[in-house]
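Subject: Structure handover

Hello,

Please find the structure below. My notes on it follow.

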Amino acid sequence: MQEVSWGLVLKEKSVLYACSVCGLHYTDRETAEECYAWCSAHSSCRLSVARKSVEAKRAMGKK
Ligand SMILES: [Zn+2]
């Protein structure tokens, strides 16, 4: 894993965008930036954004 710029995380086969405040990962940059903007302004997660995270999806729908 490699951290680039503010919160872009490159993983093996896919590129994930990480919110560097809360640490959640997103598959699209727009959502990650939304999360990052919210987190840095409110220092808490926005549920409607956080539920789009890779972690939330993983937790909801296991294989
Ligand atoms: Zn966040």
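Along the sequence, the protein chain reads β-β-β-β-α-α-α, that is, three helices and four strands. Helices (H or I, at least four residues) and strands (E, at least two) are DSSP runs, numbered from the N terminus. This is a predicted model, in which local features need pLDDT of at least 70 and side-chain atom pairs count only at pLDDT 80 or more, while totals for chains, interfaces and linings use all residues. Residues are numbered from 1 along each chain as its sequence is written.

Overall figures

Of the 63 residues in the protein chain, 24% are buried. Buried means that 20 or more other C-beta atoms lie within 10 Å of the residue's own; exposed means 12 or fewer, and partly exposed is in between, with C-beta atoms placed from the backbone. Two residues are in contact if their C-beta atoms, placed from the backbone, lie within 7 Å. Among contacts between residues at least 6 apart in sequence, 22% join residues at least 24 apart.

Helix α1

Helix α1 covers residues 29–42, and its 14 residues should span 20 Å at 1.5 Å a residue; the end C-alpha atoms are 20 Å apart, which agrees. The expected span is 1.5 Å times one less than the number of residues.

Which residues of α1 are buried? They are Ala32, Cys35, Tyr36 and Cys39. Because they cover an arc of only 100° around the axis, they lie on the same side of α1; the arc is that of the directions from the helix axis to the C-beta atoms. An α-helix has 3.6 residues a turn, so residues three or four places apart point the same way. Glu30, Ala41 and His42 are exposed on the other side of α1. The cover over the buried residues of α1 includes β3 (15–18), β4 (25–26) and α2 (47–50).

- Alanine 32, in helix α1, counts as buried because it has 25 C-beta neighbours inside 10 Å. Its C-alpha atom is separated by 6.2 Å from that of alanine 18, 14 residues apart along the chain.
- Cysteine 35, also placed in helix α1, is buried, with 26 other C-beta atoms within 10 Å. Leaving aside neighbours within four places in sequence, cysteine 35 contacts Cys19, Cys22, Leu24, Tyr26, Arg46, Val49 and Ala50. From cysteine 35 to valine 49 the C-alpha distance is 6.2 Å, and the two are 14 residues apart in sequence.

After the helix

What follows α1? Serine 43 does, with a positive phi near 45°. Serine 43 sits in the loop between α1 and α2. With 9 other C-beta atoms within 10 Å, serine 43 is exposed. The C-alpha atoms of serine 43 and cysteine 22 are 8.4 Å apart in space, with the residues 21 apart in sequence.

Strands β3 and β4 run antiparallel and are joined by two bridges; two strands pair if DSSP finds at least two bridges between them. Alanine 18 is opposite histidine 25 in β4. The hairpin has six residues between the strands, and glycine 23 takes a positive phi near 85° there.

The core

The largest nonpolar core has 11 residues: Tyr17, Ala18, Cys19, Cys22, Leu24, Tyr26, Ala32, Cys35, Tyr36, Cys39 and Val49. The largest share of this core, four residues, comes from α1, and β3 and α1 each supply at least two residues. A nonpolar core is a set of buried Ala, Val, Leu, Ile, Met, Phe, Trp, Tyr and Cys residues joined through C-beta atoms within 7 Å.

Regards
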